[in-house]
Amino acid sequence: MKVLVPVKRVIDYNVKVRVKADGGGVDLANVKMSMNPFDEIAVEEAIRLKEAGVVSEIVAVSIGVKQNQETLRTALAMGADRAILVIAAEDVHTDIEPLAVAKLLKAIAEEEEPGLILLGKQAIDNDMNATGQMLSALLGWSQATFASELAVEGDSATVTREVDGGLQTIKVTMPAIVTVDLRLNEPRYASLPNIMKAKRKPLDEKTPADYGVDVAPRLTITKTAEPSGRAAGVIVADVAELVAKLKDEAGVI
Amino acid sequence: MAVLLLAEINGGELSADQTGKAVTAAKSLGDVTVLCASAGCADAAAAAAKLDGVAAVLCADDAAYGNGLAEPIADLIVSLAGDFDHIVAPATSNGKNILPRVAALLDVMVISDVTGIVSADTFERPIYAGNAVQTVQSADAKKVISIRTSGFDAAAETGSASVTSVDAAGDPGLSSWVEDKVQASDRPELTSAKVIVSGGRGVGSEENFAIIEQLADKLGAAVGASRAAVDSGFAPNDWQVGQTGKVVAPELYIAIGISGAIQHLAGMKDSKVIVAINKDEEAPIFQVADYGLVADLFDAVPALNDALG
Ligand SMILES: Cc1cc2nc3c(=O)[nH]c(=O)nc-3n(C[C@H](O)[C@H](O)[C@H](O)COP(=O)(O)OP(=O)(O)OC[C@H]3O[C@@H](n4cnc5c(N)ncnc54)[C@H](O)[C@@H]3O)c2cc1C
């Protein structure tokens with residue numbers, strides 16, 4: 001079985017995000033970019049399935065700017081076999097919407113015919129939590145979101161999902177879309193020899209036009225602002241002072 | 001303008017809190033019709049009909065809707081969508097599972113985690129774990145939006161909307177339910193609690209988490225946790241607060257042995273009063289805390305328990 005793993009290039013999760021003073025978005029110039037942490041978990045899961053003999057080939061896909069090559073090289077160094085880059089924007093600040101991404105992935109899935117598509121449950125930049133669900137709808141495939149356990153058994157898979165009330169286990173027919181949550185696995189670091197090897201693995205470059213997909217946004221961002229901040233309060237000396245403050249000053253207990 | 005709002009139903013029971021808060025947010029958009037989709041949805045529909053701001057309730061009663069599976073419920077919503085300009089749900093794990101699927105089937109872009117409604121087509125939502133707030137205007141014919149409920153008031157329950165049954169839309173049979181692992185608890189729900197006591201990696205073990213729970217019970221609070229505490233097995237996943245867990249805004253949030261990573265702050269920084277107990281005076285949690293106590297939690301929390309009598 002072939003697995004498709006879409007990966008997004010996002011601001012590194014350790015970097016402090018700065019909103020541009022003119023309200024025109026978040027500053028991404030000269031900022032450290034990395035693979036979306038959830039997508040790393042998706043890549044790792046695909047590799048584990050390959051190591052277990054369930055998967056024969058892992059195709060990593062990225063949609064965005066030319067620099068997404070680096071993200072794909074990371075996926076290849078971790079263990080993906082080949083990569084497809086769809087260059088859909090020139091400016092790193094252009095975020096391709098999940099609907100357009102899902103349409104491109106649908107076209108790629110129709111060409112590649114994977115048995116499983118593993119995606120991160122959300123990207124830590126736009127926090128939309130949508131691409132997997134949208135892709136599943138467009139393909140008419142089964143959908144298992146927020147996975148913390150995945151077992152592929154022939155023509156079905158059993159997925160444990162992290163939901164508000166706890167955990168839910170469902171069984172999905174293959175081909176399936178699975179979006180992964182943080183506790184599914186701990187992604188490996190690529191070793192130096194594997195990073196070297198990844199440079200020689202195939203990476204195809206495409207454009208949205210190759211797939212006949214219009215990536216024009218449906219949403220216009222009219223403003224990006226800093227959230228209303230909160231100031232640090234006081235340091236209390238001991239538990240007695242804390243209780244007194246909560247009772248008398250804040251009135252919350 | 002008319003709004004179709006997917007009710008939050010778990011195990012046949014309406015979450016009046018999550019559904020009602022979404023109704024509060026959505027009623028400025030037009031008449032709100034609440035859709036209850038469940039296996040045996042009469043009770044949930046009756047409860048939804050009482051929520052203030054609800055104009056009508058639709059009840060879709062079918063076994064296929066009993067466990068929140070995305071495919072059949074999305075198909076149901078699409079079958080009803082013709083009459084509505086806005087399709088709304090609370091941004092619960094159910095809402096986040098189902099709404100993007102609905103949006104794609106309607107060929108519109110979903111707008112997730114809306115914290116503010118500016119007008120019928122313009123919405124505010126946090127991005128980058130709440131480090132920025134974006135205002136977006138949708139050019140789509142229908143708007144499909146999930147509401148981050150923590151910023152909206154619960155609806156009073158004095159209404160009396162009419163309930164109508166609607167036909168099920170069939171089950172594509174793509175997935176099936178196996179089991180739910182839900183912990184029964186007498187404590188308030190995290191997302192509606194007035195007080196939350198949360199523990200982090202500093203608590204050290206599942207056994208030690210008992211002191212967090214003891215304090216919570218003394219305060220009638222819900223218990224929360226950081227990702228590190230959940231990952232380490234100290235606490236179940238549904239206690240996680242943050243960018244990828246629950247977003248809460250109680251009157252009082254007490255963070256114990258939590259450093260205050262941006263991803264954790266994303267889930268609790270709109271709390272009215274924040275207390276931090278941490279032995280490291282440099283911990284970033286103190287930058288957002290109204291009251292900070294620099295202390296070993298194993299001294300401070302038992303002392304706090306005693307002080308509260
Ligand atoms: C994509 C992504 C999503 C994430 N989503 C979330 C999320 O939703 N929620 C979340 O919480 N995190 C999330 N994280 C993880 C986050 O980055 C932090 O790693 C996590 O919040 C740290 O948890 P912590 O504060 O409990 O642990 P630590 O950062 O290890 O802090 C432990 C604290 O306990 C204190 N301490 C230790 N012993 C004691 C003692 N005896 N007495 C008092 N204080 C003590 C220490 O001083 C320290 O400040 C996410 C990360 C990523 C990459």
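Which residues come nearest of the 30 residues around the ligand? They are B:Arg201, B:Ser226, B:Ser259, B:Gln263 and B:Asn278. The structure is a predicted model, in which local features need pLDDT of at least 70 and side-chain atom pairs count only at pLDDT 80 or more, whereas totals for chains, interfaces and linings use all residues. Residues are numbered from 1 along each chain as its sequence is written, chains are lettered from A and ligands numbered from 1 in the order in which they are written, and side-chain values use heavy atoms, with hydrogens and water left out.

**View 1. The ligand lies between chains A and B.** A residue counts as near the ligand if one of its heavy atoms lies within 4 Å of it. From B:Ser226, a polar side-chain atom lies 2.6 Å from an oxygen atom of the ligand. A polar backbone atom of B:Gly245 is 3.4 Å from an oxygen atom of the ligand. On B:Asp296, a polar side-chain atom lies 3.2 Å from a nitrogen atom of the ligand.

**View 2. Chain A and chain B bury about 6500 Å² between them.** Buried area is the accessible area (1.4 Å probe) that two parts lose on being put together, summed over both; carbon and sulfur atoms give 55% of it here. The contact (heavy atoms within 4.5 Å) takes 75 residues from chain A and 80 residues from chain B.

**View 3. Five salt bridges are counted between chain A and chain B.** A salt bridge is a side-chain nitrogen of Lys or Arg within 4 Å of a carboxyl oxygen of Asp or Glu. One such pair is A:Arg218 with B:Asp107, whose closest N and O atoms are 3.1 Å apart.

**View 4. Strand S12 (219-225) of chain A is joined to strand S10 (residues 132-138) of chain B by six bridges.** The two strands run antiparallel, and A:Thr220 stands opposite B:Gln137 in S10(B). Strands (E, at least two residues) and helices (H or I, at least four) are DSSP runs numbered from the N terminus, and two strands pair if DSSP finds at least two bridges between them.

**View 5. A salt bridge within chain A joins A:Lys8 and A:Asp125.** The closest N and O atoms of this pair are 3.1 Å apart. The pair links distant parts of the chain, 117 residues apart: A:Lys8 sits in the loop between strand S1 (2-6) and strand S2 (9-11), and A:Asp125 in the loop between strand S6 (116-120) and H4. Over all chains, the count comes to 29 salt bridges.

Terms used:
Polar contact = N/O pair within 3.5 Å; in protein donor to acceptor, adjacent residues only side chain to side chain.
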